[in-house]
Each structure stands twice: as structure tokens, then as C-alpha cells.
Amino acid sequence: MPKTKFHSNTSDLYGDVTITGSLGGAWQPGYLGNNEFIAISPQEFNLSGLTKTSLRQSRTVELGATHARGNLLTRPAVGVPGGGENALCVIKIIPKGFKATGATVFGDATSTWTAYQSTLSTDTTGSDLVPVATDVQDSATFDVEVIGNGQRYVILKWLPFDNGDQLYGARIDITAI
Amino acid sequence: MSSKKARSAYNPSKTDLDHLNVSGSGVITINGWETGYLGNAEYIPILPSDLIINTADSASGGQTLITEIGHYSGSNVAVKQFGFFPATGYVGQKIIPRGFRVTAAVMSGTAGSGWRIATGSINNNTAGLIAGTVPSPLAINTTHVFSTPIEGDGLTYISFNFDPTLGTHLFFGGQLFMEKI
């Protein structure tokens with residue numbers, strides 16, 4: 001690399017740099033080198049929609065549960081089994097400098113998904129993103145864009161119908177602001 | 001930028017660099033932060049808390065009785081796909097950063113336990129075993145070098161499976177070693 005006014009030697013830049021273009025190469029600013037979408041593996045759908053189970057947490061080891069829009073976590077309560085809904089949620093912070101515009105949940109053809117939004121510091125939610133149950137494999141554009149400010153996150157909720165339903169993963173589409 | 005050096009002809013103000021497109025074949029480093037996975041260009045760290053899927057094939061209660069996460073065949077459950085079957089123990093998954101490829105891995109824990117590793121994709125049901133089988137997992141604390149590195153295309157993830165055979169077997173963590181493409 002030849003010297004230019006941008007660097008004092010062949011490898012170093014000093015100070016803060018603001019780039020409104022892009023960094024070249026396969027790795028891009030965004031989420032794990034990806035400036036097009038946040039990739040989500042099946043493991044990350046780990047927040048259950050079932051809020052009441054038959055045994056106390058001192059009797060069983062269960063993961064956290066969430067309510068309808070997936071924007072909070074609570075311990076499953078003892079109660080009538082089946083309280084809540086048969087759903088699994090994933091939550092992803094939108095990277096700063098990006099906005100989330102849509103999503104797709106991948107799986108077999110018999111389950112559906114919805115999408116919501118919220119922030120780290122409150123249990124309130126913004127406008128629903130995909131409130132109508134959408135078939136897996138189908139993409140949906142969010143009703144409103146979610147601007148990444150470091151605290152805003154998107155919730156994808158997968159709703160399996162049967163015990164044989166399969167979840168492959170998901171993507172949240174993002175665009176640099 | 002406040003330093004004298006930062007205002008030199010070689011280091012202009014921020015606005016001088018606006019609209020600049022930068023490309024290169026190396027790793028970008030900023031105060032120790034590197035392109036890769038959370039600032040790490042060498043490996044993806046694996047934490048005990050990443051092993052969140054219990055691979056038990058069946059449970060005595062349906063999900064309306066006990067809310068569980070993972071792969072099993074009780075009532076009201078959802079099956080997730082792994083490259084290793086039948087899976088035993090616990091599974092975690094990590095997306096491979098774009099622009100990188102995973103070349104090797106190691107899982108650390110109590111001697112006697114084992115591990116397996118595979119690939120998957122977020123948009124289909126395919127999965128491919130990299131190493132470690134049932135009933136012959138890889139030895140814990142031993143690095144396995146992949147015969148074919150797994151490239152990060154934005155869709156591909158790595159599934160890793162810790163298999164304790166005794167209640168005293170502990171999992172400490174792991175590393176997915178990677179290199180820039």
C-alpha cells in the first residue's frame with residue numbers, strides 16, 4: 001500500500017474515522033460480518049411462551065417463559081398446565097447504524113411466526129412488526145422499521161402446531177442507515 | 001482527533017475521510033477490536049451457557065407440564081435438526097461470521113466426557129457431521145482440525161454437542177478456531 005495523506009505508514013490510521021460508504025471484502029459492519037441480515041440458529045429460539053406448568057421450579061429445571069409479545073422473561077409459574085401459548089421466541093438487538101426492515105422464519109410448512117419489538121429498559125412494546133401469523137418460509141416486511149439505537153430489539157415468535165414441526169432458523173433483514 | 005499526529009497531512013480530520021470506501025484482504029484492528037466474532041479474529045468462544053438445547057429424545061411430561069427447550073419426542077414439542085444423530089447430551093450453535101471460515105475446534109471439560117461437531121443452515125433442514133459420532137465422540141480437551149474448513153456465508157452455523165456420560169462430567173467451554181477468507 002503506497003503512502004497517501006490518509007496514513008503515515010503502510011498500515012496505520014490514527015484518530016476517529018467515519019465512513020459513510022462501506023468496508024470492502026466479505027466481512028461487513030452489521031451483525032457478525034453481515035450487513036444484510038441477522039442470522040439466527042434454532043438454538044436461539046429459547047424463550048418459551050408457556051407460562052404455567054404443573055411443578056415448582058424447585059422440582060423441575062425449566063428455562064424462562066415469556067408473554068404474548070415476547071418482550072419479557074419470567075419464571076414459569078405453578079398453575080393449570082398449558083397456560084400461555086405453545087411458542088418459542090428469539091430476541092435480537094438491532095446493531096447501531098442499522099435498521100431492521102423485515103424477517104423470515106424457516107421451517108417445515110405447517111407452522112407460523114409473528115414479530116414484535118421492544119427495548120432493554122422497559123416492558124412496553126412499540127408497534128407490532130408482523131402481528132398476523134405468517135407461514136414459515138414466507139418473508140414479511142415489518143409494519144414499521146426498527147432503528148438500531150443499542151437498546152431496541154426485535155422478537156421473532158415461532159408457533160409450532162404439532163410435535164413434529166421443525167424449525168430451521170431465521171433471518172432479520174437489516175439495512176445500513 | 002486531538003493529537004498533533006492526527007492533524008498531520010497523513011491523518012486528516014474525520015470529514016476528510018467521509019465517503020471513503022475501504023477494502024483490503026487483512027483483518028481490521030481498532031484498539032484491539034478485530035473483525036470476526038465480537039472483536040475476535042481468531043476464534044468464536046463457547047460458554048457453558050451456550051449449551052442450551054437438551055437433546056433428550058423423550059420426556060415424561062408434555063410441554064404443558066414442563067417447559068423445556070430442545071429435541072425430544074414428547075407431546076407438544078418441536079424437533080430441531082442436528083448433524084449428529086442420535087444426539088446425546090447438550091447442544092449449542094454459533095453462526096459463522098461472513099468473511100471467515102472455521103478450521104478447527106476444541107471443547108474443554110472433565111476427562112471421560114466427549115463432544116461432536118456438525119454444520120447446519122438457518123434456511124433448510126440440512127445438517128452435516130464434521131466429526132464425532134454416536135457412540136464414538138471426540139475426546140474432550142483435544143483439538144480437532146477439520147478436513148474441510150466451513151465458510152461463513154451468513155447462513156451456515158456450527159452445532160457442537162457436549163456429551164457427559166457421568167453426572168460428575170463438567171463442561172468448561174470451547175473454541176471454534178477461524179481464519180479470514
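**Strands and their partners**

Student: Which residue of S13(B) stands opposite B:Phe100?
Tutor: This is a predicted model. B:Phe100 has its place across from a residue of S13(B). That residue is B:Lys180.

Student: How many bridges join strand S7 of chain B to strand S13 of chain B?
Tutor: S7 covers residues 100-109 and S13 covers residues 171-180. The two run antiparallel. One bridge pair is B:Val106 with B:Gln175 in S13(B). The bridges between S7 and S13 of chain B number nine.

Student: Which residue of S13(B) stands opposite B:Tyr43?
Tutor: S3(B) and S13(B) pair in the antiparallel sense, over four bridges. Strand S3 of chain B spans 43-46. Opposite B:Tyr43 stands B:Phe177.

Student: Which are the edge strands in the open sheet of four strands in chain B?
Tutor: The order is S3-S13-S7-S11, with antiparallel pairing. An edge strand here pairs on one side only. The twist averages 25° from one strand to the next. The edge strands of chain B are S3 (43-46) and S11 (144-151).

Student: Why is one side of S3 and of S7 in chain A left without a neighbour in the sheet?
Tutor: The open sheet has six strands in the order S3-S2-S4-S9-S6-S7, and its pairing is mixed. Strand S3 (77-78) and strand S7 (130-135) of chain A stand at the edges, so one side of each is left without a neighbour. The reason is that each has a single partner strand.

Key: Residues numbered from 1 in each chain as written. Chains lettered and ligands numbered in written order. Predicted model: local features only at pLDDT ≥ 70, side-chain atom pairs only at ≥ 80, totals over all residues. Pairing = 2+ DSSP bridges. Axes fitted to C-alpha atoms, helices over the stretch in contact; angles between N-to-C directions.
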